[in-house]
Amino acid sequence: FELNNFPSWEIIFLRPFLKFQTIITSIICKFVGKVLFMTAKKSNSPRVPIFSVSKEENKRTREILFGGFLILGSILFFIAFTSYFYSWEQDQSTLNALGDRTVQSSNILSKLGALISHFFIFKLFGLAAYFIVYLLSITGFIFFFNTRKDKLLGQWTWGLYYTLWFAVLFGYYSNIFPVLSGVMGFEITDFITDYIGSIGTGVLLIFGSLIFIVLHWKVTPEL
């Protein structure tokens, strides 16, 4: 509106009010403009993933817990396996009484330790079952300390090879040390012997030893 439409005495009172109104309007416009500018700038800036760091931390936490579990489990396996060689004859009667709390086992880790040891030592690999303990422990250390994960597959490949080779080797001498080969080692050796005889089995074991000496240990006949 125009001040000329008002009488002169009213103009004197309205002039300060109009000036104040102009100042307030200017401040509001500047504030709204600044807010719009900051909003546009924020929307155009690249977004950083909020959970990227936490996901990495959660992954590392799981690796530490998994590695610690394997390390402690390998220690328990080692104790149970060692105790089994001293108490396996007495514990034969306790293997089918896992749920019976009145039956006691001579194994240091009681009936569960005797049952696990009987499975890995008596039914499978014999003394070579200690390689399973080694594989579990080395895997646990790799995950716990976050080192050499690229070599984990090679560790398991050669570890299982050594397990089978030593099971067959002890099966070859099962008439002297019957418990050291395990049922699996004895059966494999017996199967091979049926086809190539004892001498052929011995030669095959020698060739198997050359495989890990040359390929794994990197030992060659050159002086």
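Glu 63 forms a salt bridge with Arg 60, with the closest N and O atoms 3.3 Å apart; a salt bridge here is a side-chain nitrogen of Lys or Arg within 4 Å of a carboxyl oxygen of Asp or Glu. This is a predicted model, where local features need pLDDT of at least 70 and side-chain atom pairs count only at pLDDT 80 or more, while totals for chains, interfaces and linings use all residues. Residues are numbered from 1 along each chain as its sequence is written, and side-chain values use heavy atoms, with hydrogens and water left out.

**Salt bridges**

- The structure holds 2 salt bridges, and Arg 60, Glu 63 and Lys 149 are linked in a network of them.
- Glu 63 and Arg 60 are about one helical turn from each other, because they sit 3 residues apart in helix H2. Helices (H or I, at least four residues) and strands (E, at least two) are DSSP runs, numbered from the N terminus.
- Glu 63 also meets Lys 149 through their side chains, at 2.5 Å from N to O. Since Glu 63 lies in helix H2 and Lys 149 in the loop between H4 and H5, this pair ties together parts that are 86 residues apart in sequence.
- How covered up are these three? Glu 63 is buried, with a relative accessible area of 11%, whereas Arg 60 is partly exposed at 24% and Lys 149 is partly exposed at 33%. Buried means under 20% relative accessible area, exposed means over 50%, and partly exposed is in between (1.4 Å probe, protein chains only).

**The chain as a whole**

- The protein chain has 6 helices and 0 strands, giving the pattern α-α-α-α-α-α when read along the sequence.
- Of its 223 residues, 30% count as buried.
- The accessible surface of the protein chain comes to about 16000 Å², and 71% of that belongs to carbon and sulfur atoms. Such areas come from the Shrake-Rupley method with a 1.4 Å probe, and for residues only the protein chains shown count as cover.
- Among contacts (heavy atoms within 4.5 Å) with a separation of 6 or more, 60% join residues 24 or more positions apart.

**Nonpolar cores**

- The largest nonpolar core has 13 residues, and Phe 81, Phe 120, Ile 121, Phe 125, Ala 129 and Ile 132 touch the most other members. A nonpolar core is a set of buried Ala, Val, Leu, Ile, Met, Phe, Trp, Tyr and Cys residues joined through side-chain atoms within 4.5 Å.
- Helix H2 (52-87), helix H3 (110-125) and H4 each supply at least two residues of this core, and H3 gives the most, with 4 residues.
- Which residues does Phe 120 contact, leaving aside its neighbours within four places in sequence? They are Phe 77, Phe 81, Phe 125, Gly 126, Ala 129 and Ile 132.
- A second, separate core has 6 residues, including Tyr 162, Trp 165, Leu 169 and Leu 205.

**Aromatic rings**

- A search of the whole structure finds 25 aromatic pairs. Rings of Phe, Tyr and Trp (its six-membered ring) pair if their centres lie within 6.5 Å; planes under 30 degrees apart count as stacked, over 60 as edge-to-face and the rest as tilted.
- Phe 131 and Tyr 162 are stacked, at 5.8 Å centre to centre and 20° between the planes. Phe 131 lies in helix H4 and Tyr 162 in helix H5, so the pair ties together parts that are 31 residues apart in sequence.
- Tyr 161 and Tyr 162 make an edge-to-face pair, because their ring centres are 6.4 Å apart and their planes are at 65°.
- Tyr 162 is buried at 9% relative accessible area, while Phe 131 is partly exposed at 23% and Tyr 161 is partly exposed at 25%.
- Ring pairs link a cluster made of Phe 131, Trp 158, Tyr 161, Tyr 162, Trp 165, Phe 166, Phe 170, Phe 212 and Trp 217.

**Surface and backbone**

- Phe 191, Tyr 195, Ile 196, Leu 204, Ile 206, Phe 207 and Leu 210 make a nonpolar surface patch of about 790 Å². Patches are made of residues with over 30% relative accessible area and no salt bridge: like charges are joined within 9 Å, nonpolar side chains (Val, Leu, Ile, Met, Phe, Trp, Tyr) within 5 Å.
- Leu 210, in helix H6 (residues 178-216), counts as partly exposed at 44% relative accessibility.
- Asn 146 has a phi near 60°, a positive value in a residue other than glycine, and lies in the loop between helix H4 (130-145) and helix H5 (152-172).
- Lys 218 has a phi near 60°; this residue is found in the segment after H6 and counts as exposed at 64% relative accessibility.
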